[in-house]
Amino acid sequence: MSSHPLSNLDGFAKSSQADHPPTQYQQVTYLSAAVEGVFTKPSNLNLCKKLIGCLLICLFSVTALPVSAMDQPEELLIGIEPEHNIFDQMERYRSLAAYLSDQLGVKVKLTIMSRYGEVIKRFKFLNLDGAFLTSYTATMAINELHLQPVANPVNLNGESTSQGYMFVRKDSDIHEVKDMQGKRFIFVDPATMEGYLFPLAYLKQHGITDINKFFYRFDFSGSHASAIFAVLDGRADIGSAKNTVYNRLVNNDPSIRQELNILAKSSKAPEITLCIRNEIDPRLREKLSDILLHMDETSAGRKVLKLFKALRFVKPNRADFVRIEEMAQEARAAIAEHGK
Amino acid sequence: MNSLLHPLLRLVLTVFFVMAAAPVLHAEKRIGVIMTGNIPYYGAMHETFVTELNERLHGAEKTEIILQRPFPNPISWSNAARKLIAFDVDLIVTYGSPATQAVLHEKSNIPLIYAGVYESGGHADVDSKNATGCGFKVPLSSIIRYFKSLKTLSSIGIVYSGVEEDSVSQYQYMKRLAEQQKIKVEKIDIRSQADISKIRPANPDAVFITGSSIAHLYLDEILSDLKKKHIPAADIFPDDSESGLLMTLFQPAQPQGQMAAEMASQILLGKKAANIVPHTFRDTELVFNLVEARHLDIAFPIHLLIEATRVIK
């Protein structure tokens, strides 16, 4: 008798083992075969033991089936965090989803998450397989849901990162933190690095921990562009938003640069990261990563990238998310303070 | 002699005391107010001013308000200012830049509080030790930006009045912004009712109405002409009738009325105007009128609507 427990199973799972790394299904067969091996001493009991072994295999296989099906999904449901203009955004992502469906052989479906902070909830509620996440939500999802960062898009300016800008109107008489007292601050969303964590961490570094007391009022705009427009229009005195949106608005309307003064900038962080559930078959995840990282090498891929408004995708750096977590911890003291 | 002098002395002393006490008996303070025309924006400011002032003084000072509503032209503003100076009021309150400038021109020693003055360079052009007050600033570039988000903007008409300093400065600023963005400017200078006919030949893609008093006096006629030609209009004064303007970006009147009342109460209680720091309001409200948009066949994108403080449906 071969020392391998599978030798008693007439090669049922042998070929499977030879072709692919073991799946959960195969691990179950190993276990059943091992159980069988313990009871193989008396020859008259062999048939009986084999039958029990087969029954166990069947039982374990049936219970393992749903798990196996999740590893090889028929479709991937990917979430997207809403931007200022969700119609434009859906248009951009739609072509990418079609390309990925075609290349992966698995249908990629998109869903807009109603707001930034819902990533964790939506993942659980909607059974999302992955999501294109901004830096802070990606950090939260990696830490709390153990998602795997797969790829970062590089924007048309050649950058895969973004940073937070804190800005005021040039004619505002606000030049430093002490001038901000009693004014109106517009954040983007509590789940954004550029539009919330960064300004809180910055204010904390300057001795401001209770924004309730320090500001006359603070609000959340819901989008980076809205925060910028609110300050431009005079609906808020100070705002914070991501530089990529700021630069896009300035490119469209150069008068914005003449009107706003940037008081502080955060360090750079990955702007968007495609994160995928850890439970997804690693081969599928790997394939997805390969397609994205090499799509700029084919004309079909480049065409989709153009519509997606990106140059290419690059591999994420996990250290970036550690830096965001550090910033979150710094800001958390201020959050706890004003959240009382 | 002594018996004759005694009643005489008593009479002189009585007259002296009555005369000395006369100002106390007439302790009522008189406030002269100049509010140009019948402009709802200034009306709302004045209403808040009166309510707030009564609350602040709590009857400690009796006040009489002499309200002047001059027609928007330099002679009427000047006459209104001179009348109040002749009345020897204790305080003059003005709404809007032309009325303020008219009082300053008279170089009176009567303290002046202004409100509703548009500040082009960040500070109101009010240079007098007897004057203080509050002004406002509205970022005019936002109006161009929102117009551009709604339709192709290759030309913009600017309705202003060449006899109103703040209106002229708004025209100049808007013109500069438009030209930087290669937008052609059509200037529409309204100095009298007859000038409204200037709008008829104009055919810009959109019209911006400056904070001109005379333009607002004839606003309905101006908007009626624009409506016939399907030209959208924006204003930096609120649209109380909620009819005719596609968008308004304005500083609400009430905070300015409140602050003017606060400053007035301090002056009436003895504080010098020079010791009260002027204030510039920079908070704005953005209102989009979807009813007008429908008339003009303009579709507001959702991402733009969410910017509004209020949407008229």
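**Sheets, helices and the contact between chains**

Modeller: Helix 3 (residues 74-86) of chain B lies across strand 1, strand 2 and strand 3 of chain B, at about 180 degrees to strand 1 of chain B. Before we go on: this is a predicted model, where local features need pLDDT of at least 70, side-chain atom pairs count only at pLDDT 80 or more, and totals for chains, interfaces and linings use all residues. Residues are numbered from 1 along each chain as its sequence is written, chains are lettered from A and ligands numbered from 1 in the order in which they are written, and side-chain values use heavy atoms, with hydrogens and water left out.

Colleague: What makes these runs helices and strands, and what does the angle refer to?

Modeller: They are DSSP runs numbered from the N terminus: helices are H or I with at least four residues, strands E with at least two. Axes are lines fitted to C-alpha atoms, for helices over the stretch in contact, and angles run from 0 to 180 degrees between N-to-C directions.

Colleague: Why are strand 1 and strand 3 of chain B called a pair?

Modeller: Pairing needs at least two bridges found by DSSP. Strand 1 (residues 29-35) and strand 3 (residues 91-95) of chain B have five, in the parallel sense, so they count as paired. One bridge links B:Ile34 to B:Thr94.

Colleague: What is the strand order in the chain B sheet, and why do strand 2 and strand 11 stand at the edges?

Modeller: The open sheet of six strands runs 2-1-3-4-5-11 (chain B), with parallel pairing. Strand 2 (63-68) and strand 11 (279-281) of chain B each have a single partner strand, so one side of each lacks a neighbour in the sheet.

Colleague: How do you know that A:Asp171 and B:Lys137 form a salt bridge?

Modeller: The rule wants a side-chain nitrogen of Lys or Arg within 4 Å of a carboxyl oxygen of Asp or Glu. Here the N to O distance is 3.7 Å, so the pair qualifies. The interface of chain B and chain A has six salt bridges by that rule.

Colleague: How much area do chain B and chain A bury between them?

Modeller: About 1700 Å², 43% of it on carbon and sulfur atoms. Buried area is the accessible area (1.4 Å probe) that two parts lose on being put together, summed over both. In chain B, B:Arg145, B:Arg282 and B:Glu307 lose the most to chain A, together 35% of what that side buries.

Colleague: And how many residues are in contact?

Modeller: 20 residues of chain B with 20 of chain A, contact meaning heavy atoms within 4.5 Å.
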